[in-house]
Amino acid sequence: MKKEPLCDLLLFKNHHTKKILNVMRISTFLLFLCVFASFAANTNSQNAAVSITKSDLSIGEFIDQIEQQTDYLFVYSKNEVNTEKAVAVNAGKKSVAQYLNEAFNGSDVNYSFENDYIVLTKNATPSVPQQGNVITGVVVDNFGEPVIGANVIEKGTTNGTITDFDGNYSIQVPQGATLQVSYIGYLTKEVTVGTQRMINITLIEDTQTLDEVVVVGYGTMKKSDVTGSISVTSAEDILQGQTFNALEGLRGKAAGVTIMSNSGQPGGAQRVLIRGMSSINTSSDPLYIVDGVAMESMQYLNPNDIERIEVLKDASSAAIYGARGANGVIMVTTKRGLKGEGVSVSYNGSVSLSHVARYMDLMDAAEWQEAFMIGIKNFNKWYADPTSENSSLHYKSEKMSDWFTDPRLFNSDGTAKYDTDWQKEATRTAISHSHQINIQQGGQNSSVGAFLNFTDQQGVMLNTYMKRLNAKLAYDAKPTKYLSTAVNLLVNRTWANEAEEGGGASIHVVR
């Protein structure tokens, strides 16, 4: 009997459907088996028997007993769980869950099972609302405008609220409590609650925060008025490594400021780039302001006299100083008299060693003479023309004694008498030192500071040095509430001996 194609299709589908159903039944069975096995393992683990012989023990001892007899590990914070605290359990052989329940039931420690870990946490103590009076009111600023979102809390507690869009608040506190009202940019105000039910509060601007002084111009500006990018470096950062130049100490301390030197001379000039190489006045050097005075350079400024350095890096410096500040501004504030009453005398000294990091590998006298004679032979072979009228093109002698004839330097056969490494002869290990004396005095209405520094920076080249003597006197006085005076006297004497840095080579560029 011949089967119809439709019947074949139905039989094929029926056969595969049964196989799929069988696979689904097996998969479901295995899934439930794994779930129940995991649950059973967890339950069995919690029911693992533990034997404890002592009834009174500390939490730390209790934890050690369970960890030694089971695979559990306890996880807790020492700030929340005091392991020295005593717990009481009934000695015997019981499950882990039973012992944990006996030890921590009714205490401030809560426990939970997390796979192979037992997590101990501190129970949160619910705060009991205090019965008292409902205080309402309005929080405004010194102009009478409502302060939105001001914090109003009962001092010493977490009971608090914030003001709404109209500055209104409502809080329940007991009689005699203290309300503490605060908001960013305003001074915190405290008010004691008596019998009154409405307390209106006026907040005063925190001028100390808003008027925090940042050196930005020919003097100072309020921090709230500065919207540009400012990098501040303190004296401690500048003097971390021994430095004889203030800009050397600033290198790597201010983000976005590139400081480099093309000279190894003692006291060599530093180049500073703040806003790149472009310029409107043919120079990319920044403007230097030292204690409010504009300077072209601060190369010879004593780094020990500096209190801090601010770098104005963005376009706001041009807004303050015009074209002179187009390349950025470096503000320097130097040390002054003692803040507060008293006298301070201090000394700071340092000594450093400098040497050539690496000598070039050069030819000695014999190698140089050999190279010279090879050049003569190559000339005779490839360039000489004995028929030329130009005598410089005739053959040249290939005997060394014909070329090196000075008896003071060469032997009779032309070989060199001496073999001198002029790199090592012209350099040395240089010892540099610096000494600073600070004398500062402060009074109720005046202060004075005297600073003296001597710096001797020796170069690695023989007979190169830079010596600098700095003296600084700063006096500040405030004779009346509305009058203040300041005197700043700075004397600098620098003398140096520098080596010639010009090279003897020339470079020809072919275009």
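## Close-ups of a predicted model

**View 1. The largest nonpolar core.** This core counts 21 residues, and Phe62, Phe74, Val96, Leu100, Phe104, Ile118 and Leu120 have the most contacts inside it. Here a nonpolar core is a set of buried Ala, Val, Leu, Ile, Met, Phe, Trp, Tyr and Cys residues joined through side-chain atoms within 4.5 Å. E1, H2, H3, strand E6 (109-114) and E7 each supply at least two of its residues, with H3 giving the most, 5 residues. Helices (H or I, at least four residues) and strands (E, at least two) are DSSP runs, numbered from the N terminus. Leaving out residues up to four places away in sequence, Leu100 touches Phe62, Ile66, Phe74, Asn105, Tyr111, Phe113 and Ile118; contact means heavy atoms within 4.5 Å. A second, separate core of 18 residues includes Ile259, Val290, Met298 and Ile309.

A word on the model: it is predicted, so local features need pLDDT of at least 70 and side-chain atom pairs count only at pLDDT 80 or more, while totals for chains, interfaces and linings use all residues. Residues are numbered from 1 along each chain as its sequence is written, and side-chain values use heavy atoms, with hydrogens and water left out.

**View 2. The buried side of helix H2.** In H2 (residues 59-69), the buried residues are Ile59, Gly60, Phe62, Ile63 and Ile66. They sit on the same side of H2 because they cover an arc of only 160° around the axis, the arc being that of the directions from the helix axis to the C-beta atoms. Buried means under 20% relative accessible area, exposed over 50%, and partly exposed in between (1.4 Å probe, protein chains only). What do these buried residues pack against? Their partners are strands E1 (49-52), E2 (56-58), E3 (73-75), E4 (86-88) and E7 (117-122), plus helix H3 (96-104).

**View 3. A nonpolar patch on the surface.** Val343, Val345, Tyr347, Ile437, Ile439, Leu452, Leu469 and Trp495 make up this patch, with about 750 Å² of accessible area together. Strands E24 (342-354) and E25 (430-442) are the elements that give two or more residues, and E24 provides the largest share, 3 residues. To join a patch like this, nonpolar side chains (Val, Leu, Ile, Met, Phe, Trp, Tyr) must be within 5 Å, with over 30% relative accessible area and no salt bridge. Areas come from the Shrake-Rupley method with a 1.4 Å probe. Leu469, found in strand E27 (residues 465-480), is partly exposed at 35%.

View 4. Beyond four places in sequence, Gln440 touches residues including Arg336, Leu338, Val343, Val448 and Phe451.

**View 5. Salt bridges.** The structure holds 6 of them, each a side-chain nitrogen of Lys or Arg within 4 Å of a carboxyl oxygen of Asp or Glu. Asp108 pairs with Lys85, closest N and O atoms 3.4 Å apart, and links the loop between H3 and E6 to the loop between E3 and E4, 23 residues apart. Both ends are partly exposed: Asp108 at 32%, Lys85 at 39%. Glu310 bridges to Arg308 at 3.0 Å; Glu310 is buried at 0%, whereas Arg308 is partly exposed at 26%. Arg408 and Asp406 come to 2.9 Å, with Arg408 exposed at 63% and Asp406 partly exposed at 23%.

Technical notes
Patches are made of residues with over 30% relative accessible area and no salt bridge: like charges are joined within 9 Å, nonpolar side chains (Val, Leu, Ile, Met, Phe, Trp, Tyr) within 5 Å.
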